[in-house]
Amino acid sequence: MKVFVAIKRVVDHNVKVRVKADHSGVDLLNVKMSMNPFCEIAVEEAIRLKEKGVATEIVVVSIGPSTAQEQLRAALALGADRAVLIEFAGELTSLATARLLKAIIDKEQPKLVILGKQAIDSDNNQTGQMLAALTGYGQGTFASKVKVNGENISVTREIDSGTQIVSLKLPAIITTDLRLNEPRYATLPNIMKAKKKLLETVTPDVLGISIASTNKTIKVEAPAVRSAGIKVKSVAELVEKLKNEAKVI
Amino acid sequence: MTILVIVEHNNKVLSPSASNTVAAAAKIGGDIHILVAGYGAGSVAEAATKIAGVSKVLLADNVAYAYQLPENVAPLVAELSSDYSHILSAATSNGKNILPCVAAQLDVDQISEIISVESANTFKRLIYAGTVVATVQSTAAIKVITVRTISFNPVTTTGASAIIETVSIVHNNSTSNFVSEELVMSDRPELTAAKIVISGGRGMQNSDNFKRLYALADKLGAAVGASRAAVDAGFAHNDIQIGQTGKIVAPQLYIAIGISGAIQHLAGMKDSKVIVAINRDETALIFQIADYGLVSDLFEALLELEKLV
C-alpha cells in the first residue's frame with residue numbers, strides 16, 4: 001500500500017529563538033532549520049512499514065519555501081521513494097495545511113497518512129485531526145504503536161491517563177508521539193542516492209486550494225523572564241527555606 | 001454570545017479540567033452551556049449543572065459516544081455549533097483529539113492552548129515550547145479554542161443549578177472503533193492539579209531509584225512527574241512526562257531532581273510558583289530558573305529530605 005508522510009521544516013529544537021524587535025514574528029534569519037522531530041518519527045514509521053512488506057511506496061510531502069527541499073531530501077535519504085513540495089513561502093495555518101494535504105491525497109489516494117502530532121514551532125497539534133475531518137478518514141492521534149491488519153490498522157494512543165487502542169479502517173490518518181520509534185540516521189551512500197529520487201514541486205494556486213485563514217497573529221513577545229534564585233548549601237537549609245521563607249511545605 | 005464548553009469525563013466522574021475551562025469561558029463573557037457526550041453519563045451531566053456560571057447542560061447520551069471518539073463527537077458538536085459564538089475544551093489529550101476536527105468541519109482555524117483571554121476574539125498562547133507568547137485574533141464566526149487549564153483558576157463546582165437538556169443527535173461512524181484502554185491508577189493527587197510536584201530525570205539512574213520519589217511524594221502529598229529522559233529510559237510511565245509534549249503543570253512547589261532543564265522540559269513547568277532544583281552538575285540549565293538550588297548528589301539529598309520533611 002501507498003503511505004504518505006507529511007513533514008515540516010522548523011527551527012532546530014536546540015535553538016533558542018528570538019522575537020523580532022517590532023514584535024511581528026520570530027527571527028528566522030541564519031537560524032539552523034531541521035525536520036520537525038515528530039515528522040522524523042513519522043518518516044521512520046513509514047520506512048519500518050515498508051521493511052515489513054506492508055508499505056509498497058512512501059511519498060513524503062512538505063509545504064514550505066524552496067529550502068524545504070533539504071528536509072524532503074533528508075527523508076528520501078532515510079528511505080522515502082519520492083517527494084512532493086507544495087511551495088509556499090509565507091506562514092500557513094493548520095487548516096490551510098490540511099486543505100493542501102487533502103488536495104494531494106485526493107490525487108494520490110494513499111492508504112495511510114502519517115504526520116507528527118505537533119510541530120515544535122507553532123505547537124498547534126491540529127493538522128492531522130483537521131486532515132482526518134476533511135478526508136473523512138479515521139484518526140489515530142498520539143500513536144505509540146501501530147499495526148496494520150489487512151484492511152484495518154490498530155493504533156495504540158498515548159492519552160492523559162495511560163494508553164488506548166483504537167482500530168481504524170484504512171485509509172486512515174496517524175499522528176506520531178515521541179514513543180512510536182527511534183528514527184535512524186541517513187548514511188552517506190543513501191544521501192547520494194536520494195539526490196536522484198524524484199522531487200516534484202507544485203504551488204497552492206495550481207492545486208486550486210485557498211489558504212485563507214480566520215486567525216491572525218497580531219503580536220509576538222518574549223514571556224516574562226524568570227531569574228535564578230539562590231543556592232542553598234544543604235538539605236536542612238532547603239527545607240528550612242521552603243517552610244519559613246516560601247511557605248510551600 | 002453563547003459559549004459551548006465540551007467537558008471531559010469517564011462517563012461517571014466529571015474531570016476537574018471542566019471548571020478551568022468554564023473559567024476561561026467566563027472571561028470571554030456570555031451565556032455558558034456545557035456539552036456532555038458520553039454513555040450512561042447522567043451523573044456527569046448532574047455534576048456539570050452545579051458549575052458556577054453554567055446555564056444549560058446538553059447531554060448526548062448514546063453508546064456511540066462511550067469513548068468519545070472524535071469521528072462521532074466532532075460531527076455532533078458541529079451540528080450543535082450554529083447556536084454558539086465560541087466552542088471551548090480543555091487542552092487535554094481528549095480535547096486536542098476532538099476540537100481540530102470540529103474546527104475543520106466548520107471551516108475555521110482553531111486556537112490551541114490559550115493562556116489568556118484579551119477580548120472575545122483575541123487570545124494569548126505560547127509557541128516555540130513556551131519561549132514566545134503570541135497574541136492571536138480570530139475572525140471566525142464560531143471560534144474554536146482549547147484552553148491551557150493551569151492558566152485559569154477553576155470556578156466553584158457547587159451551588160449553581162443549570163438545566164439539563166437531552167440531545168438526541170447520534171453520529172456513529174464506521175471508520176474507527178474503540179478496542180481497549182490501559183489506565184494508570186494512582187492514589188496520589190492528579191499531576192496537573194497537584195499543589196506539589198516532585199519530578200525525576202535521567203539522574204535517577206533506574207526505575208528502582210525512581211520509586212524513591214514516590215515515598216517522598218507521599219510524605220508531602222505531592223504528585224510525581226518525570227522528564228522525557230526518565231520516561232524514555234523506562235524509569236517512569238509516559239503519562240507522567242512533563243514538558244512541551246507531555247503535561248503542563250504549575251504547582252505551588254516544583255522539585256526537579258536529577259533534571260538538567262532542557263527547553264522542552266521547562267515548557268511544562270516554568271510557571272510553577274516555587275522551583276527547587278537538586279542536581280550534581282552546577283552548570284545545569286535548571287539552576288537558571290530555580291528559586292532554590294542545591295548542588296548535591298541526589299541520592300544523599302533524597303535520604304536527608306525523607307528524614308526532614
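## What you are looking at

This is a predicted model.

Let's begin with an open sheet of 10 strands. Its order is β11(A)-β5(A)-β4(A)-β1(A)-β6(A)-β10(A)-β7(A)-β8(A)-β9(A)-β10(B), and the pairing is mixed. At the edges stand β11 (199-202) of chain A and β10 (176-183) of chain B; each has a single partner strand, so one side of each is left without a neighbour in the sheet. From one strand to the next, the twist averages 30°.

Within this sheet, β1 (residues 2-7) and β6 (residues 112-116) of chain A run parallel and are joined by three bridges. If you want a spot to look at, find Phe4(A), which stands opposite Val113(A) in β6(A). Helix α1 (residues 37-51) of chain A packs on the sheet, where it touches β1, β4 (57-64), β6, β7 (138-149) and β10 (172-176) of chain A. The direction of α1 makes about 150° with that of β6(A). Helix α4 (residues 127-135) of chain A packs on the sheet as well, touching β6, β7 and β10 of chain A. For α4, the angle is about 175° with the direction of β10(A).

## The sheet around β1 and β4 of chain B

Another open sheet is formed by 10 strands, again with mixed pairing. Here the order reads β12(A)-β7(B)-β6(B)-β5(B)-β8(B)-β4(B)-β1(B)-β2(B)-β3(B)-β9(B). Its edges are β12 (215-221) of chain A and β9 (163-166) of chain B, each with a single partner strand, so one side of each is left without a neighbour in the sheet. The twist averages 35° from one strand to the next.

Strands β1 (residues 2-6) and β4 (residues 86-90) of chain B pair in the parallel sense over four bridges, and Leu4(B) stands opposite Ile87(B) in β4(B). Helix α4 (residues 93-106) of chain B packs on this sheet, touching β1, β4, β5 (110-119) and β8 (143-147) of chain B. The direction of that helix makes about 160° with that of β4(B).

## Where the two chains meet

The contact takes 88 residues from chain B and 78 residues from chain A. Between the two chains, about 6,700 Å² is buried, and carbon and sulfur atoms give 53% of it. On the chain B side, Asp109(B), Tyr128(B) and Tyr292(B) lose the most area to chain A, together 12% of what that side buries.

What polar links cross this interface? There are 50 residue pairs in polar contact. The residues of chain B that touch chain A divide into 41 nonpolar, 28 polar and 19 charged. Strands take part in the meeting too: β13 (residues 230-232) of chain A and β15 (residues 292-295) of chain B run parallel and are joined by three bridges. In that pairing, Val232(A) has Leu294(B) as its bridge partner.

## Salt bridges

Side chains of opposite charge can pair when their charged atoms come close. Over all chains, the structure has 28 salt bridges, and four are found across the interface of chain B and chain A. One salt bridge joins the side chains of Arg179(A) and Asp232(B), at 3.0 Å from N to O.

Inside chain A, the side chains of Arg82(A) and Glu108(A) meet in a salt bridge at 2.6 Å, N to O. This pair links distant parts of the chain, 26 residues apart: Arg82(A) sits in strand β5 (residues 82-87) and Glu108(A) in helix α3 (residues 94-108) of chain A.

## Backbone details worth a look

Most residues other than glycine have a negative phi, and most peptide bonds are trans. Against that background, a cis peptide bond joins Leu170(A) and Pro171(A), with omega about 0°. Pro171(A) is in the loop between β9 (162-169) and β10 of chain A.

Key:
Residues numbered from 1 in each chain as written. Chains lettered and ligands numbered in written order. Predicted model: local features only at pLDDT ≥ 70, side-chain atom pairs only at ≥ 80, totals over all residues. Heavy atoms only, no water. Pairing = 2+ DSSP bridges. Helix = DSSP H or I, 4+ residues; strand = E, 2+ residues; numbered from the N terminus. Axes fitted to C-alpha atoms, helices over the stretch in contact; angles between N-to-C directions. Contact = heavy atoms within 4.5 Å. Buried area = accessible area lost by both parts, 1.4 Å probe. Polar contact = N/O pair within 3.5 Å; in protein donor to acceptor, adjacent residues only side chain to side chain. Nonpolar A, V, L, I, M, F, W, Y, C, P; charged D, E, K, R; others polar.
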